[in-house]
Structure formats: structure tokens, C-alpha cells
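This report walks through one structure, from its overall layout to a few single residues. The sequence and the model come first.

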Amino acid sequence: MKITALNGFKDIVPGEVELWQRVETAARAIFSRFNFSEIRMPILEKTELFARSIGETTDIVEKEMYTFVDKQITMRPEATASLLRAYIQHGLHVQKPIQRLFTIGPMFRHERPQKGRLRQFHQMDVEVIGAQNPRVDAELMAMGALLLEELGVTVSLELNSLGCPACRPGFRETLLAFIEDRYEALCDDCKRRSNTNPLRVLDCKNPSCRAQVEEAPSIQEHLCGECSDHFAVVQEGLQQLGVNYTLNKFMVRGLDYYTRTTFEFITGDLGAQAAVGAGGRYDGLIEQLGGPKVPGIGFALGMERLVLLLQQQEEMESAQGEIDIFVAGLGEAASEFVFPLVHALRRKGLRAAMDHEGRSLKSQMKQANKAGAKRVLIIGDNELEQGQAVLRDMQTQEQEEIPIASGVDKLAGSLFAAC
RNA sequence: GUGGGUGUAGCUCAGCUGGUGGUAGCACCUGGUUGUGGCCCAGGAGGUCGUGGGUUCAAGUCCCAUCACUCACCCCA
């Protein structure tokens, strides 16, 4: 039996990896423009960290984590908890009252794989810690929207507020009363959810449940004064920055730590996994994890989903790397000469390649062409005897003779000047 | 965890109601030019038809099991 990658784990091979690099390069550029610094955390953390932040009763913690049970450690299922742990551990709040941080890397969840959802997946995660101003919420969403725009993917931004510990319990009761009248009409999942987390009933996909909650009370109308003011300024900010959004009173996030602002970047082109990016505010979380009493907000972008969108929105022009020069050696003596020459060219900074299989000139020319070589240097027995090699320009097809007798380093220098 | 779909060359796939695995396309190698790429032409290499059982004179094809992949539910980025 052949050994293959694990179910839900994927290789990113040449031809596809270029798209990933594009996504990552664009993201780093944008994050930098918005004054974010990179932070990198380990993939393994104590299990307790995720239980305390994401929520003991969430699906992620209950059944989706890769945990080494005997060691009480877990491969991170998301980035925020690890990032906040690092923030607290290093006392970053002392260095700067407001920290703007991003991280890029793999996350792990043991779910059944499907389109846009893998067991090892990759997120670009952005967090602003220490900022209470609602404008920061708008600024973050504007940054996400700008990145997606620059990548050329079209998404819609959906916005909601989940309130805070002061007003959410009240809404929860209001909603529960509404749900109880319709309890029998709900799907089995929603019956269960109405006990554990009634807000979740709001975003059930089951059509009959949707119909039932259509007229459900909106949390947006049950916010306390502070949350309501906050939500209003967030929306003003989005308008000021020209970011389009729609309010969605049914949007509930799956992680327990969210408060107030929550949002999702949604696409219609990925099947069931419609969220390309999502996030929100988590004002009590840092304190809950043993840190200072500071607010926070952040969001994550799913890289697999971005790459899928890029793949289907434009026919992959496989712009694989091109090289500066291919050195074709003909025969054993020439190969002896070419081997160190190619290395000398690379030391000069040129992207250089050669053939090691002793193939015909025709074959080597094909290789050079496939590698996208701008020039080919041809050296055979004739050239060695005469002390002149042939340098061919692959675009213009022009060839010139250049002296090779003065040694590899000099030749590499003159080739570097020529390229 | 629950459903559906699909497994034939490195990739994309033909293969009808069982009767010798495809001149299929892309990719790869060689040649058409004693030492010159892209286009074209010719040739070549590459497969335990996912795996294991069963039915049959005969199974890629039918049946069962199993594994893998995939889509959806659930959940989420």
C-alpha cells in the first residue's frame, strides 16, 4: 500500500504554491500599510488554553481538537488564543498600550473534510489588542475588505453585534421565550441548541428553522446603551471609509469569546463554506486568560478558501519561475567545465541551471525553454578548443561568441554583466 | 459522528446490455537537423482497472465487503 497524506491534509505543489505566495505577499503588504507587526507562535499549546478561551462546550473544543491526551497539549485549532497567550506572557501591553499584530500559519481541526475545509488549514490572523474605539472595528473591516479587493475576490461583508455581558443575557431570555413557542417546529439540532446556546438557533441553515426564526427578535434592538452606541459608531466608520456592508441579525459566531462587533466576509462561490474571513470583538477574553483588563478585536482569513477563489476567478496562468541562464554542456569535458561555472554564476546572483544527464543539445535547449531561460550558453568540445562559447538570446535568437579561456570566475563575471 | 457520489497511465478522462486495457488529450523520453528551444510530424515509455472476496466458461464492467477520495449535513476561516 502506498503511503499517502492523511485525510484532510494536503500538499501544496508547484503550480499551486505560487497562488499561496501571492495571497501571502498581498496580505503582508496590506498589514504593513496598516501598521501591523508579525508575531509567530508555536503550534502546540496546553489544552487548557483553548478550553478557557474558545469555550468548553463549543464543538471545536468538545470534539474537533487534535489533543495528546496524556500530555494535555493540543495542536492549535485557531490563532487568537495562542496569540493572546503570547501577548500576556511577554507583557506586550507594557511596551505599547495598543498592539497591532498578525500571524500566518496552519491550524488543526478534526472535522470531516469538504470543499474549503481541511483538517490542517491555514489562516492569516489579525488582532488589535487594547483598543476600545469602535473606529478600530471599522478600520479592521476596511483593511480586510481592501485586501480582498486587491486580490480581486468579490465578497460581501455582513455585520452584527452580540452585545456584552450586560445585555446579552437579557436578550437570551427574550429569544428563549420566542423559541419556546416554536420549539416543536425546530429541527433536532435546534432543539438541542435551544438548551445549550439558543443564539445558535438563529443561524441554522434548515429552511423550516429559518422560517421559524424569521420574525425572531433582533439582538441589535436589545443592546444596552454602550453596546448600541458602539455599534452605531462602527457603522458610521464603515460608511466614512466607504466600506459596503449589510446587517445580519442572524449571524452568530461559534466561539464563545466574541462580544459586540462580529462580522464575516461571505462569498457565494465556495459552496457551503461561504465565510472567507470572519472575526469580532472579544473584550473580556484577555482578562479571562489572566492578562490585563484590555479589550481586543480581530479576524481571520481562510487561506485555502482565498486560493480556491483565486483559482476559479481566473484561469491559472502558471507563472512558474524563470531563470536567467541555462548552461548547456556537450560531452564529458564540457560538463566538467560547466559544473563549476554554473555554481559561479549562482554565486554572482544569477538564476542558473544545467543538465546533469548528458543529454543532446536539442534536449537541453528544450529544458532551457521549459525553464524559461532568457539565455543559453553553449559549450562543447569545439568551444573548449577554440576558447569561445556561444551565448544565445532565447527571445531574439541572436547568438554571440564570448571568450572562455580566462577561467570560470572571469567568465561568470562577464556573463553576469551580459544578463 | 450522519448521508450521497466517485475510484481505469503523473494529470483530465473514454471504455454501451460482461467477451484480449484506450491510435484519447495534456505531461514525459527519443528521433525527424554530426551541435540549437517554442510549432508540426513519427516513434517510445508508462496500468496489479483502489484493495479483498464472490457470481461466471469469461469481470474494468455484475454482487458483497473494505479502503481512499469527494460533496453535503454538523461546525467553521
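R260 has its place in one of them, strand β9 (residues 259–266). The model is predicted, so to speak of local features a pLDDT of at least 70 is needed, side-chain atom pairs count only at pLDDT 80 or more, and totals for chains, interfaces and linings use all residues. Residues are numbered from 1 along each chain as its sequence is written, chains are lettered from A and ligands numbered from 1 in the order in which they are written, and side-chain values use heavy atoms, with hydrogens and water left out.

**Domains**

Chain A is assigned domain 1 (17–167 + 223–313) and domain 2 (325–418). Such bounds come from an automatic or database domain assignment. Taken over C-alpha atoms, the centres of domain 1 and domain 2 are separated by 51 Å.

**Helix α16**

Helix α16 covers residues 408–418, and L411, A412 and L415 in it are buried. Buried means under 20% relative accessible area, exposed over 50%, and partly exposed in between, with a 1.4 Å probe and protein chains only. Seen down the axis of α16, the buried residues fall within an arc of 100°, so they line one face of the helix. The arc is that of the directions from the helix axis to the C-beta atoms. As background, an α-helix has 3.6 residues a turn, so residues three or four places apart point the same way.

The face of α16 turned away from the buried side carries D409, K410 and A417, which are exposed. What do the buried residues of α16 pack against? Their partners are the helix α13 (332–348) and the strands β12 (325–329), β14 (375–379), β15 (388–393) and β16 (399–403). Contact here means heavy atoms within 4.5 Å.

**The surface near RNA strand B**

RNA strand B is surrounded by 48 residues, of which R117, R193, R253, G254 and N382 are the closest. A residue is near a strand if one of its heavy atoms lies within 4 Å of it. By class, this surface has 13 nonpolar, 15 polar and 20 charged residues. In this count Ala, Val, Leu, Ile, Met, Phe, Trp, Tyr, Cys and Pro are nonpolar, Asp, Glu, Lys and Arg are charged, and the others, Gly among them, are polar.

| Protein atom | Atom of RNA strand B | Distance |
|---|---|---|
| K115, polar backbone atom | phosphate oxygen | 3.0 Å |
| V276, backbone N or O atom | sugar or linking oxygen | 2.7 Å |
| K370, polar side-chain atom | phosphate oxygen | 2.7 Å |

The elements that give two or more residues to this surface are α3 (59–64), β6 (120–129), α8 (188–196), β10 (275–281), β11 (296–302), α14 (361–370) and α15 (381–386). Which element gives the most? Helix α14 does, with 7 residues.

**Single residues**

R260 counts as buried, at 10% relative accessibility. R260 has a positive phi of about 50° although it is not a glycine. Its contacts, leaving aside neighbours within four places in sequence, include N160, E226, H230 and D283.

Q72 likewise is not a glycine, yet has a positive phi of about 60°. Q72 is found in the loop between β3 (66–68) and β4, and counts as partly exposed at 48% relative accessibility.

T74 lies in strand β4 (residues 73–75). Is T74 buried or exposed? T74 is buried, with a relative accessible area of 0%. The side chain of T74 makes a polar contact of 2.8 Å with the side chain of T67. Beyond neighbours within four places in sequence, T74 is in contact with residues including I43, F50 and M65.

Two loop residues complete the account. G290, in the loop between α11 (285–288) and β11, is exposed at 56% relative accessibility. Leaving aside neighbours within four places in sequence, G290 is in contact with R52 and I88. Q395 lies in the loop between β15 and β16 and is exposed, with a relative accessible area of 60%. C-alpha to C-alpha, Q395 and E180 are 74 Å apart in space, and they are 215 residues apart in sequence.

Definitions and conventions. Helix = DSSP H or I, 4+ residues; strand = E, 2+ residues; numbered from the N terminus. Polar contact = N/O pair within 3.5 Å; in protein donor to acceptor, adjacent residues only side chain to side chain.
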